[in-house]
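Student: I would like a close look at one part of this model. Please keep it brisk.

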Amino acid sequence: MELLDAYEAGERTPEDLVQDAFDRIETDDTNAWIATRDRADVLAEVAELGDVDLAENPLYGIPFAVKDNIDYTGLPTTAGCPAYAYEPAAHATVVDRLIDAGAILIGKTNMDQFATGLVGTRSPYGECRNVHNDAYISGGSSSGSAVAVAREHVAFALGTDTAGSGRIPAAFNGLVGLKPTRGVLSTRGVVPACADLDCVSIFAWTTDDALRVEGVAAGFDSDDPYSRRSADDLEPSKTELSSITIGVPTTDELEFFGDEEAAQLFDDTIEEVELRFGELTTVDFTPFRKTAELLYGGPWVADRLSAVGEFIEAHPDEVNPTVADIIRGGDAYSAVDTFEAFDQLKTLRREAEQVLAGIDALVVPTAGTTYTIDAVQSNPVELNSNLGYYTNFVNLLDLSAVAVPTRSFEDGPSFGVTVVGEAFEDARIASIGAAIRSETAGSTRATAEPIPSSSN
């Protein structure tokens, strides 16, 4: 991380960065934050770090944020719903690991309520707005985490990603969004959306930085039933790329929802990907598309109902109506429906495995289009569903993914692609993502005042 080099060289100090962070938060009108820690308490924590020691503290003095469905003792967890708020007795496992590595938590970020949405508009704390054009959505549900990094309040942030919530906001705000393999980062201390599919994600400026954070946060957690023992074996460092075969969906399976500009941005990106990796392989996207349709068109919605359904029924006036309607929809599925869907998913997984066996990574648009806040408010369900076309399948198929920015829409929001790979291929797909981003450097708009981030 560039910041760590600056600390070691004596060019910056963590105290400077913390002061900058709070000054920016207080002056920026972003709706990115739900709660921040007391500035004096954070500065006191920084003072206890002592001299720079990256062997002991690999994230020494790096300011970060967490989505407000991730526990931090000392701040309430709301999951985007004030009436749901509780005071956690312990930090989430991932937060503990980051703090132990010297990272400095600034606060909790805004989100689509109960992590149900890809838009960033379903929050009583206000709509998060795109950093390039505030008439446009930020993406969600990890909206505040993306905006906090894109506005340079913090160097990195944690989100969660069940259906694309850690990738869509990265795409629209010019960031890297790493969705690790499920179970690599513990979800203990995270409010569940779909517990079997939930994944803690990372927003950063570069793939190097995202992998560095993942390397600190990853590991088996015996107290998390969804944690995987092989998480301890993850090697989160960039890999050499040679003879890489990139797959892309066939033209007739690409979907841009009538957005000709997005289609052209993808074509332009793919031309540059071919310059880096050679001729691309077209693949059958059908099993991925059909899997994506299962997430909200199948019994996995009942998993959301099991997590917060009782609260919604007890507090109907405190819940976003769209969120409530989606989650209540889980009540429509029977046990028979569930087992039939599991069987269908197994078939689709086998078909997807056969596609992935012939390539090293699948590259797709992160989102097929973007929308204004007004458009989403007028048509909240359909437009949100459109945003999940290229994201909803990833966790159901137990894949890893990283979103990288490549270009920008004329109106401002950034456009990017997602590199998808097999489970535990986090480092390789991040390396491919870094190569794609390097090939398309200069095609995206930077945020206004770059300070505390880092570079590859």
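Student: Leaving aside its neighbours within four places in sequence, which residues is W300 in contact with?

Tutor: This is a predicted model, so read every value as computed from that prediction. Start with the contacts of W300. Setting aside neighbours within four places in sequence, W300 touches C194, L197, L294, L295, A341, F342, L345 and L396. W300 itself sits in helix α10, which spans residues 300-314. Its relative accessible area is 6%. Buried means under 20%, so W300 counts as buried. For a sense of distance, take A170. W300 and A170 lie 130 residues apart in sequence. Their C-alpha atoms are 25 Å apart in space.

Now compare a charged residue. D426 belongs to helix α16, residues 426-439. D426 is buried, yet it has no salt bridge. The nearest side chain of opposite charge is K179, and that is 7.0 Å away. A salt bridge needs a side-chain nitrogen of Lys or Arg within 4 Å of a carboxyl oxygen of Asp or Glu. Beyond neighbours within four places in sequence, D426 is in contact with P180, T181, L211, E214, L234 and S400.

Turn next to the surface. E2, D5, E8 and E11 gather there in a patch of negative charge. One of them, E8, is found in helix α1, residues 2-8. E8 has 52% relative accessibility. Exposed means over 50%, so E8 counts as exposed.

The backbone deserves a look too. Most residues other than glycine have a negative phi, and most peptide bonds are trans. The peptide bond from G140 to S141 is cis, with omega near 0 degrees. S141 lies in the loop between β3 (104-109) and α5 (143-150).

N31 has a phi near 60 degrees, a positive value in a residue other than glycine. N31 is in the loop between α2 (14-27) and β1 (33-36). With a relative accessible area of 30%, N31 is partly exposed.

S243 is not a glycine, yet its phi is positive, at about 55 degrees. The loop between α7 (207-217) and β7 (246-249) holds S243. S243 counts as exposed, at 73% relative accessibility.

Back to the starting point. W300 is buried, and its contacts include F342 and L396. D426 is buried as well, but without a salt bridge.

Definitions and conventions. Residues are numbered from 1 along each chain as its sequence is written. This is a predicted model: local features need pLDDT of at least 70, side-chain atom pairs count only at pLDDT 80 or more; totals for chains, interfaces and linings use all residues. Side-chain values use heavy atoms; hydrogens and water are left out. Patches are made of residues with over 30% relative accessible area and no salt bridge: like charges are joined within 9 Å, nonpolar side chains (Val, Leu, Ile, Met, Phe, Trp, Tyr) within 5 Å. Accessible areas come from the Shrake-Rupley method with a 1.4 Å probe; for residues, only the protein chains shown count as cover. Lys and Arg count as positive and Asp and Glu as negative; His and the chain ends are not counted. The place of a charge is taken as NZ of Lys, CZ of Arg, CG of Asp or CD of Glu. Helices (H or I, at least four residues) and strands (E, at least two) are DSSP runs, numbered from the N terminus. Buried means under 20% relative accessible area, exposed over 50%, partly exposed in between (1.4 Å probe, protein chains only). Contact means heavy atoms within 4.5 Å.
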